[in-house]
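This report describes selected local features of one protein model. The sequence and structure are shown first, and the description follows.

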Amino acid sequence: MQTVINNYTTKPEPPRCTGSFHPRELRFSRAMIFAIEEINNSTELLPGIKLGYQIHDTCASVPVAVHVAFQLVNGQDPVFYQGRNCSQSGVVVAAVGDSASTPSISMSRIMGPFNVPLVSHFASCACLSDKQEYPTFFRTIPSDQFQADALAKLVKHFGWTWIGAVHSDSDYGNNGMASFLKTANSEGICVEYIESFYRTDPQSKIRRVADVIRRSTATVVVAFVADGDMKFLLEELALDPPPPRQWIGSESWITDPNSMTFGFCAGAIGVAIQKSVIPGLRDFLLDLSPSNVAASSVLTEFWQEAFNCSLTKTAVVTKRQCDGTEDIKVLVSPYTETSQLRITNMVYKAVYAVAHAIHDAVCQETENKTKCDKHSNMEPKQLFAALKKVNFTQNGYHVSFDKNGDPVAFYELVNWQKSESGDIELVTVGYYDASLPKGQEFNINGKLIWLEGGTQVPVSVCSESCPPGTRKVLQKGKPICCYDCIPCPEGEISNMTDSPDCFPCPREFWSNAKRDACFHKPVEFLSFDEVLSIILAVVSISGACLAIITTVIFFHHRTTPIVRANNSELSFLLLFSLTLCFLCSLTFIGAPSEWSCMLRHTVFGITFVLCISCVLGKTIVVLMAFKATLPGSNAMKWFGPVQQRMTVVSVTFIQVIICIIWLVVSPPFPVKNLTTYKEKIILECALGSAVGFWAVLGYIGLLAVFCFVLAVLARKLPDNFNEAKMITFSMLIFCAVWITFIPAYVSSPGKFTVAVEIFAILASSFGLIMCIFAPKCFIILFQPEKNTKKHLMNKSPM
């Protein structure tokens with residue numbers, strides 16, 4: 001448009017259009033004429049009433065659009081049907097247009113206060129759905145809010161989280177991109193850059209936008225650009241080797257034939273208005289001859305530009321004269337391209353919407369006939385009210401408006417694919433229906449071709465997806481789509497891709513090596529099939545066998561002096577208790593249960609007290625025996641066999657009482673130890689009452705110390721008769737074993753705690769049997785000459 005400076009002394013000239021001619025827009029206006037003529041010839045819609053029309057070129061310019069709007073509402077210009085008796089000539093009750101959102105906004109603001117409806121076929125800005133601002137605005141094309149949602153979900157559908165964004169610096173581009181970014185943000189999509197431009201911007205600014213696209217790392221570019229603007233950006237990108245980019249296009253340019261001439265954009269995908277068929281339209285568009293073209297300045301401009309010739313003889317000779325051989329039927333132009341009717345159908349539907357609204361306002365159905373009031377003085381507000389209620393189907397396409405003046409949103413998913421001839425073709429590969437439930441809007445049923453002719457979905461991410469077993473850690477200062485993948489720590493897992501966190505396994509579970517699944521922790525206890533357990537069991541049984549063999553030897557030689565010397569009854573009882581001590585260690589092997597936990601500690605405590613009480617009895621017998629040899633001593637009278645038995649029974653009974661109290665108050669019980677090791681479960685016996693456990697051990701230790709003290713006191717008695725020295729060694733070993741047992745027991749982990757306890761039992765038991773009985777068995781078996789009363793009574797060394 002030319003810029004005019006007015007001096008306000010003369011009437012200003014109306015704004016005029018400059019720039020290139022747009023054949024596609026001419027097709028839209030001719031489609032409106034076609035629809036009006038079709039309605040005027042109809043016997044069902046507005047019978048007897050003819051619709052008139054005015055056509056204005058707004059040049060996609062706000063000043064021109066404002067000028068046109070004022071012309072329409074002022075009603076000063078006559079209609080095209082001059083010379084006919086038309087009622088209220090020049091008064092406009094509705095307007096169809098504009099193609100762009102920004103001019104439509106200006107026109108709607110002017111026409112709204114006059115209640116003149118504006119029905120647009122191509123103004124898709126979501127802002128126009130605001131009925132407070134634009135109460136009389138309607139449209140047959142869906143709002144960009146639906147288009148923005150569709151594009152964002154399309155990007156999300158193919159897994160692209162790192163994209164670039166360009167948009168027109170207009171109401172269409174700014175509002176559309178704002179809606180897209182809002183939805184994209186909710187879908188977890190990050191935008192590397194956002195650039196805006198307009199066709200009238202300096203070339204340097206458009207070049208800067210192109211350079212940003214070239215330098216970016218995002219493979220996918222979402223372009224919410226008007227078709228007239230996109231041409232300038234693609235021309236700039238084509239100057240240098242264009243970068244391989246996957247273009248995602250808005251409806252405005254993705255179906256534009258001019259944009260499809262740029263081959264480096266092959267593979268572009270986007271949403272488009274549903275492809276349509278309008279019977280008879282192509283013949284109407286091609287029904288042009290030089291004579292009827294010359295009657296219209298617009299058609300003349302189109303004809304001269306299309307065929308590069310001049311229809312007027314007075315024009316400056318810069319082109320050849322049109323000679324009548326020009327055939328529009330063979331012309332390749334957006335005007336004649338009717339195989340992909342999309343927006344054209346929106347024009348067609350807009351005209352029919354106005355016609356149906358007029359029909360509903362001035363016509364009535366009576367006796368299966370339609371009567372229309374030809375002389376009705378229709379006001380624009382009547383038509384405005386009727387437009388809200390229109391609901392019809394034309395050529396199989398439904399037309400209605402919601403409370404915001406918007407239609408139901410339905411888009412085709414289209415893909416730019418190269419044909420065998422190398423030309424880009426627009427191929428429908430699916431659809432998007434906003435009326436379907438969430439998550440089911442998309443239906444892709446065709447084969448997609450991607451950038452550079454690829455068949456695999458291109459990758460456009462800032463960071464590769466984090467596999468299961470890792471978690472995302474955002475990179476400092478970068479968007480949420482840029483992150484590092486950190487392996488989950490032990491005991492935690494992530495079982496999905498791009499997990500933001502690792503989740504701890506349940507208490508009885510542990511993570512596998514890949515950290516993507518939890519498995520049951522291995523259960524550990526001292527089982528019979530382990531080497532350590534087998535060794536301990538063999539030693540335990542060997543010890544029991546040794547005690548039994550010793551018992552057999554002693555029983556076989558029970559009448560010999562060395563057996564009878566120190567109360568053979570206590571010796572047999574001691575051997576029996578030692579057998580039980582060896583065997584009780586077997587109760588510590590195997591999976592703990594309620595009975596085994598109670599049995600292993602109580603049997604151990606009672607058998608060892610029985611053992612120590614027998615040793616204590618033998619030590620007292622030694623002391624009493626030597627005191628009895630003193631003149632006038634009557635010591636053995638007070639510690640005879642009965643007293644010996646009572647001592648053993650009473651001492652052991654105290655331990656039995658301690659064990660019973662322990663079992664009644666708080667007995668040992670099996671537990672799963674989950675704290676010692678994080679990666680496995682230890683089955684062990686909890687003490688129940690720690691006081692009970694240490695009372696049992698303390699009582700054993702008290703008896704052992706007392707027995708040791710007595711043995712030390714008796715160690716200097718004559719050797720040949722004295723057993724106290726061997727008892728001293730045995731008690732020394734016993735006390736040493738159990739003193740070292742305490743720190744080892746407390747510090748040993750897991751099943752080794754049980755192994756330490758078994759080792760202490762076996763070591764102390766072997767100490768007793770080896771120190772007390774091994775020397776006697778040696779004499780019985782290998783030195784029988786010493787097994788005599790005379791030898792034992794001899795006080796000289798053996």
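## A helical residue and its surroundings

Val 539 belongs to helix α14, residues 531–556. Helices (H or I, at least four residues) and strands (E, at least two) are DSSP runs, numbered from the N terminus. With a relative accessible area of 30%, Val 539 is partly exposed; buried means under 20%, exposed over 50%, and partly exposed in between (1.4 Å probe, protein chains only). Neighbours within four places in sequence aside, Val 539 is in contact (heavy atoms within 4.5 Å) with Leu 762 and Phe 766. Between Val 539 and Val 298 there are 241 residues in sequence and 114 Å in space, C-alpha to C-alpha.

## Basis of the model

The model is predicted: local features need pLDDT of at least 70 and side-chain atom pairs count only at pLDDT 80 or more, whereas totals for chains, interfaces and linings use all residues. Residues are numbered from 1 along each chain as its sequence is written, and side-chain values use heavy atoms, with hydrogens and water left out.

## A buried loop residue

Ser 499 is placed in the loop between β20 (492–493) and β21 (503–504). Its relative accessible area is 0%, so Ser 499 is buried. Apart from neighbours within four places in sequence, Ser 499 contacts Thr 470, Arg 471, Lys 472 and Ser 494.

## Backbone geometry

Most residues other than glycine have a negative phi, and most peptide bonds are trans. Gly 97 and Asp 98 are joined by a cis peptide bond, with omega about -5°. Asp 98 is in the loop between β1 (95–96) and α3 (101–111).

Asn 115, in the loop between α3 and β2 (118–120), has a positive phi near 60°; this residue is partly exposed, at a relative accessible area of 30%. Asn 308 has a positive phi near 55° and lies in the loop between α11 (297–307) and β9 (309–310).

## The second largest pocket

The second largest pocket holds about 590 Å³ of space. On a 1 Å grid over the protein atoms alone, a pocket is an open set of points where a 1.4 Å probe fits, with protein on both sides within 12 Å along at least five of seven lines; lining residues have an atom within 4 Å of a point. Grid points are joined across faces, edges and corners, and a volume is the space filled by probe spheres set on the points.

Of the 27 lining residues, Pro 257, Asn 258, Met 260, Pro 334 and Glu 337 are the closest to the pocket centre. Two or more lining residues come from each of α1 (23–40), α12 (343–362) and β16 (424–433), and α1 gives the largest share, three residues.
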